[in-house]
Amino acid sequence: MNDQRAISTFGPPDAWAALAAATHAILITDARIESPGPTILYANPAMQVLSGYADDELIGATPRLLQGADTDRAVLAEIRAALVAGASFKGEGVNYRKDGSRYVVDWTIDPIRDAAGTITAWLSVQRDVTAPRAEALRAADHATRLDAIFAYASVGLSVIGSDGAFLSVNQELCRILGRSEADLLGCTVVDVTHPDDLPASRRALAHAITARQPAVLDKRYVRPNGELIWANSTVTPMADVHDRPGHLLVVTVDLTQRLSIERALQESETRFRQFGDASSNALWVREATTLRLEYASAAFAPLYGLPPGGEEAPPWSTLVVAEDRAVAFEAIRRATAGEQRTCTYRIRRPDGELRWIHDTVFALSSGGELVERIGGISVDVTDAITNSERLEMLVAELQHRTRNLINLVRSIADRTARSSRDLPDFRARFIDRLDALARVQKLLSRLQDVDRVCFDELLRGELSVIAGVSDRIVLDGPAGIRLRSSSVQMVAMALHELATNAVKYGALGQPQAHLTVRWSLVTAADGAPRLSIVWRESAVVMPADPSATAQGSGQGRDLIERALPYQLDAETRFVLETDGLLCTIELPVSTTPPSS
């Protein structure tokens, strides 16, 4: 378990709940740098999942536990230099899981300082970037493969200048034209083209340069031995870094291989569709003018609540909530103008369900200035937005409860100090009352948004701790009477004082005595529900000196007779009868309906 005592100085307990909920791995170590330090003080659940180590295996260990053969010593030296200088560190390195598998981690290490500026601990936030780094390596490998594809492609490829000179050629083009690479790099298109096809060839080159669009033509090439080769050539403009027309990419296909090339294109389209169908996000392509849906991946229909494989009915535009249409339509308009835009909006599915959608919309250019199609990636972000709103509400509730708790602790400390004989007596009483407060906080921490603590649960829990199980205790009342969250702590403290005094001076401390607690739900004059509690101790041998009992019940009686009516609008009665205590309490209860 995390050593809460060791780390409690770094923030309130609720702060650790936030760390525990974080998706990034988090470690907190002490401030030592030299071996055997630093020592891990805290590891959140994400860190345990990432490393494979259990909580009790990480706590007390050193982060060096995660190092291995491929851990870069230069990176470790950078970390050490930063920590010695009291500075933060950000970088990447290789760590190892408990099972010995390696992973690449992107992490930051920041100092935690006390009010005097002294470093008391180090906070490390770690993110597993093994997959992105592997993707980067694959991208580099992809570029290498592209170069290899150019060199060894099954079609003739060449890059030519605006004057028609060959600047780069591949092996297949050399085979088609019957010339070596060195020979072709000293030629122009005119040198290898049949004279009758030169006009069409020149027109194609001019069109590709001026219109910045591909030009396609079938033409005859002449090999050095005079042999004629029919081929299909596609001339594509290649813009420079300033998007100005530059070189031309020419794809030359021996027409005898046209069928095989067409099959390859069909396979490429199939792979694209397989990619789209495997994506959990909805991928789509629309005609830019009419917004007619030309392509939609498998995730599109479920996202928008449409029947699978059917027409887009009703149209997408009618699904967008009226208040959000301006945002969604503006993103579409910008995309048709050649820009990339993101937007978040709501849709109402045909079945009436409301969902939040985040769209990335972009232009799909075919080489010209006119955008003929737009593409998009749609993601359902309903859960993310709902969780964000709920988190804001929980933070506000947390702040409210924290203020109330601090005020209550201050009041307990003040009342305990006034009724204590000396410091040891104060310490025993104060700790006992804080324990009672901790028990009710445990109940509150388990609740969801609209849940409430029930009185019978609170009463039984307090009596089980103070008095255990006894046949001299009678509890009689309905289950499930829900207390207001704002009153739970005060009611719990009142029950604690009653039970504690009963053990010390009353029914729970004398074997012949009995305790009966009855409660019921009553209706106030204004129609509001209220909880009525009757605490009755009987057969108690009361002391000859009434002051002896009064001394033990002073704070509890003050809490019941003064604090409860003032803070909870309660009506109370506290009477020491001849055979024991009679205490009645009536207070408002929660009217919030239980959660389903």
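1. Leaving aside neighbours within four places in sequence, Trp535 is in contact (heavy atoms within 4.5 Å) with Leu459, Leu463, Leu495, Leu498, Ala499, Ala502, Leu515, Thr516, Val517, Leu581, Leu582 and Cys583.

2. The model is predicted, with local features needing pLDDT of at least 70 and side-chain atom pairs counting only at pLDDT 80 or more, while totals for chains, interfaces and linings use all residues. Residues are numbered from 1 along each chain as its sequence is written, and side-chain values use heavy atoms, with hydrogens and water left out.

3. Helices (H or I, at least four residues) and strands (E, at least two) are DSSP runs, numbered from the N terminus.

4. Ser124, in strand β5 (residues 119-128), counts as buried because its relative accessibility is 8%, where buried means under 20% relative accessible area, exposed over 50% and partly exposed in between (1.4 Å probe, protein chains only). Leaving aside neighbours within four places in sequence, Ser124 is in contact with Ala25, Ile26, Leu27, Trp107, Thr108 and Ile109.

5. Asp197 is found in the loop between α9 (189-192) and α10 (198-210), and counts as buried because its relative accessibility is 11%. Not counting residues up to four places away in sequence, Asp197 touches Lys219 and Arg220.
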